[in-house]
Amino acid sequence: MIDLRSDTVTRPTQAMRKAMYGAEVGDDVYGDDPTVNRLQEVACEVLGTEAALYVASGTQSNLLALMSHCQRGDEYIVGQAAHTFRYEGGGAAVLGSIQPQPLNFEADGTLDLDLVQGAIKPADSHFANTRLFCLENTHAGKVLPLDYLPRAEKVARDNGLGFHLDGARVFNASVKLGVDVREITKYFDTVSVCLSKGLGAPIGSILCGKRELIAGAKRWRKVVGGGMRQAGIIAAAGIIALTEQVERLAEDHENALNLALGLSGLEELEVDTAMVQTNMAFFSMNGHDPQALADYMEGRGILISPAATTRLVTHYDVSAEDVKTVVAAVKGFFTR
C-alpha cells in the first residue's frame with residue numbers, strides 16, 4: 001500500500017530494527033536504562049537544551065509540558081487549530097485543569113502577536129491566570145518564519161509567560177529553512193518533538209527544555225501512567241531517528257511538492273501549490289465526493305483520509321515513483 005494518511009505510518013528502518021534488537025536496557029523509572037539515557041543526551045545535544053525526557057507519544061509530551069508550566073486554574077494561549085488544543089482529547093483541561101485560550105491562526109501558521117497580547121488576562125480573580133504561550137512548527141505543513149520567533153518570545157517574556165513549542169515536525173521546519181534546528185528551539189522553554197513521524201521511529205516523542213521544567217514533567221509522566229521500564233528497546237530507534245533520519249526529510253518535501261504539482265493540472269481539484277512547504281499537500285474537490293475518491297484509491301493500493309480539504313502526507317515509505325502512481329490514480333478516478 002501507498003499510505004498518504006500521515007507520516008505516523010512509517011515503519012522502522014533496518015538500522016532501527018538492528019539497534020532495537022541489540023539495545024542495552026534497564027529500568028527507566030529508576031533512571032537505569034542506558035539506551036533511554038543516551039537518547040535523552042542525544043536530544044539535548046541536537047536540540048540545544050538542558051534536559052530531555054523520553055515519553056510514549058506527542059500527545060503525552062505536550063500534556064506533560066503544559067502541566068509543568070501551569071497549575072490548576074491557569075491558562076495557555078494556543079492556536080484554534082493547534083494539535084495541543086484540538087487533537088489531544090482536551091487533556092490539558094481534563095487532566096491538568098488548565099484552560100485553553102484559542103486564537104485563530106494566520107495564513108502562515110503564526111498567531112497575531114497583537115491578538116496574543118490582548119488575550120493575556122489581567123491580574124484579577126475573575127480571570128484564569130495566563131501562564132503559557134504555545135506555538136506549533138510546522139502547522140499544516142507550514143513553517144514559522146525565523147524572524148517571527150524572537151518577536152513571539154518577547155511577548156512571552158515581557159508578560160512573564162512560559163513559551164512552549166509543539167515541534168512534532170520541527171525537523172521538517174529546520175530542513176526547509178536550511179538551518180540547524182537549534183536556531184528554532186533556542187527561543188523556547190520547552191519543545192516537544194515526535195520521533196515517530198517523518199523521522200521514522202516506531203514509538204515515542206522527546207520533551208526537551210529547561211532542567212526544572214523537565215524534572216516536573218518526569219513527575220507528571222509517572223502520574224499519568226507514562227513511566228516505562230525496559231524502554232531502551234524502543235529508545236534505540238529514537239537515537240537512529242535523531243542521528244540518521246533528519247537530512248532525508250528534504251526528499252519528502254520534494255515528493256509532496258511534486259504530488260501537488262501533479263494534481264494541480266486537474267480541473268476537478270483545487271490545489272494551492274504555493275502552500276506546499278514541507279511534506280504535506282492539500283486539495284479540495286469541485287462537486288465530487290471525497291469518500292468515493294478514497295474508496296477508489298484504496299482499491300488501487302493507495303490510502304488517503306477523505307475530507308472537505310484532503311491532506312496528503314509524504315514520508316520515507318513514499319517514493320518518487322509512488323507519487324507518479326498516485327497522480328495517475330487520481331486522474332483515473334475522474335476519467336472512468
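The crossing of helix α12 and helix α14 is right-handed, meaning that the near helix is turned clockwise from the far one by less than a right angle. The model is predicted, with local features needing pLDDT of at least 70 and side-chain atom pairs counting only at pLDDT 80 or more, while totals for chains, interfaces and linings use all residues. Residues are numbered from 1 along each chain as its sequence is written, and side-chain values use heavy atoms, without hydrogens and water.

Helices are DSSP runs (H or I, at least four residues), numbered from the N terminus. Two packed helices are described by the angle between their axes and the distance between the axes. For α12 and α14 the angle is about 20° and the axes are 9 Å apart; axes are lines fitted to C-alpha atoms over the stretch in contact, with angles from 0 to 180 degrees between N-to-C directions. The two helices are therefore roughly parallel (an angle under 35 degrees).

The table lists the residues in contact (heavy atoms within 4.5 Å).

| Helix | Residues in the contact |
|---|---|
| α12 | Asn 255, Asn 258, Leu 259, Gly 262, Leu 263 |
| α14 | Ala 320, Val 323, Val 326, Val 327, Val 330, Lys 331 |

Not counting residues up to four places away in sequence, Leu 259 touches Leu 4, Leu 312, Thr 314, Val 323, Val 326 and Val 327. Leu 259 and Val 276 are 17 residues apart in sequence and 9.7 Å apart in space, C-alpha to C-alpha.

In helix α3 (residues 58–69), 11 of the 12 residues are buried, so α3 is largely enclosed by the rest of the structure.

Methods:
Buried < 20%, exposed > 50% of the residue type's maximum accessible area, 1.4 Å probe, protein only. Parallel < 35°, antiparallel > 145°, perpendicular 65-115°, else oblique.
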